[in-house]
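Student: I have a protein model open and I'd like to talk it through. Can we start with one residue?

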Amino acid sequence: MPGSTSHEQRTTRHDLRALYETSQMLSSSLDLEFILNNLLLTAMSKLLVTRGVALLYKEDEGCYHVLKVKGLPDIDAGAKIRLDELHSGELIGADDIPEELARHQIVMLLPVAFGHRKIGLIGLGPKATGKAFDPEELEFILSLVNMSSASVLNSLMVEELQHTNRELDGKVQQLNTLFDLSQEFNSTVDREKLVKLLAFALMGQMLVNKHLFLLKRSGDDEDETSMLQVVASQGVKKEVCSAQVLDNLAGLKKELQFENPAEAPEEWRPLCDEGLALILPIQHKNETSAILCLGPKMTGQAYQPDDIDLLYALGNLAFVSIQNSYLVEQQIEKERLEEEMRLARDIQERLLPRETPEVSGLQMASLALPSRHVGGDYFDLVAQQNGSILIAIADVTGKGVPAALLMANLQACLHTMVPMDLTMEEFIGHMNRVICQNTSFDKFITAFTGLYHPETRRFEYVNAGHNPPMLLRKDGALELLEEGGLLLGVMQDMPYKRGSVDLLPGDILVSFTDGVTEAMSPEEEEFHEDRLEAILREHQNESAQHILNAVRTAIVDFTGSETQLSDDLTMIVMKVVS
């Protein structure tokens, strides 16, 4: 009929205009909530329904969020609804409505999608008139939803961009905060100030008033294993860190957060009972080097991933700064000890002869090389008023400072008794008594003393447990000077016997400590007496200084370097020339 056709044409033109104006209005906005709200209201008014819901799909959560709801008191805005996979781009009728929505009398779902991207759903209840939906009405709504999909997508992208910008702003703020904190942490090596900085940073950034910071440090002994030690705490008793708790913390690889301390595993209950809610293992070179424990925020909010990232960065900053403070402290202590050892070495060197006395018909050369800054070897060359010369060489058990102190005691004792009119046996006997009185039972000294008379070329000696000096006669015969007694410091009033030999021109007498014969090669082989004897024979016709130099060179070649000496090295070479 002409009148009916004219009505349909007017309705169609009206729908097209409404569709155009609505889509224009929606396209002009980037507010997702505004778009979905108007889309829902337009659909409800067009179809004459009183119930409707707009759902937004969250891909990262795999569920729908209720964004807008009309006439459905049982559904709250912001609620999450999980639905089985739906056919995108198609109108979903009452028979295919998921149960989660059907029980709210949702009879139709309009998918909102752009291309293959699932954006959301518009859910509608039945018509208020009780009638079925007209195909023209459904076509209008589908067209409106399809035309609005681009606007919804644009608003989503804007929203995601704004969210990303907010995250970036947050990261920039975190970086600025860390930069400021790093400047403050790097401005001092005072550990007390660093601990305060950490406490202020935690309070200022996280609003927490309880924390515990533990650092893995080596023990004083080299063979002691590293263990966690509390270096900072606030509002937490240090006693909570029992051996078992420290073991548990040392093995922690990932952070722990206790939202409900009462449900925490048994091994972490002591920390939870102290009010700690977050434990962060600070990793360094793939090992847990520090632990940062925190109480709950004063705001009552849980720690978010951004908070944990910032706390990890702050924990690493505190770990490096506090660790550096220990290293600086150790370096200062090391330099102080080295300075003291340098002074001690200077003092000890002054206890040894600076010059070799001139003795008629006798060449002498000497060498003393400590394996450390100071050593326990001792030698002396004391010219007598009658023209004779007293030689002494000794080796204190042990190395370093204790041996050097005992060596100084021996030197003082020897120089005190030199002016006395004592026989060699009495001389060494007195030294033994002094050493016994001044040392503990585990300290001993091997010593060899001898007196050479140039007018008779007689050499009298006492060997107190020392390496027997080698007497290489000009004719090649080798004698060892062994007469004497026990080493010094073993027992008071020990008797000592005096030995004597008559030297002839060309004879060589070499006194040495075990640092010579026990010098070690890189292959852990000792230099041994055989090599020393061979060098003496090889250089027998040379001067005392040349013989000593030859032995020193051979030892350096054997060990690889003088700095690799395993023990103090001392030697006296005497050669009778007339």
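Student: Is Gln540 buried or exposed?

Tutor: Gln540 counts as buried because its relative accessibility is 11%. Buried means under 20% relative accessible area, exposed over 50%, and partly exposed in between (1.4 Å probe, protein chains only).

Student: OK, where is Gln540 found?

Tutor: Gln540 is in the loop between α12 (528–538) and α13 (544–559). Helices (H or I, at least four residues) and strands (E, at least two) are DSSP runs, numbered from the N terminus.

Student: And which residues is Gln540 in contact with?

Tutor: Leaving aside neighbours within four places in sequence, Gln540 is in contact with Leu472, Arg473, Lys474, Gly476, Gly506, Ile508, Ile547 and Lys575. Contact means heavy atoms within 4.5 Å.

Student: Before we zoom out, what sort of model is this?

Tutor: This is a predicted model: local features need pLDDT of at least 70, side-chain atom pairs count only at pLDDT 80 or more, and totals for chains, interfaces and linings use all residues. Residues are numbered from 1 along each chain as its sequence is written, and side-chain values use heavy atoms, with hydrogens and water left out.

Student: Now the whole chain. How many helices and strands?

Tutor: The protein chain has 13 helices and 21 strands.

Student: What box do the C-alpha atoms fill?

Tutor: Roughly 160 × 50 × 40 Å, taken along the principal axes.

Student: How much of the chain is buried?

Tutor: Buried residues make up 44% of the 578 residues.

Student: Last one: what share of contacts links residues 24 or more positions apart?

Tutor: In the protein chain, 63% of the contacts with a separation of 6 or more.
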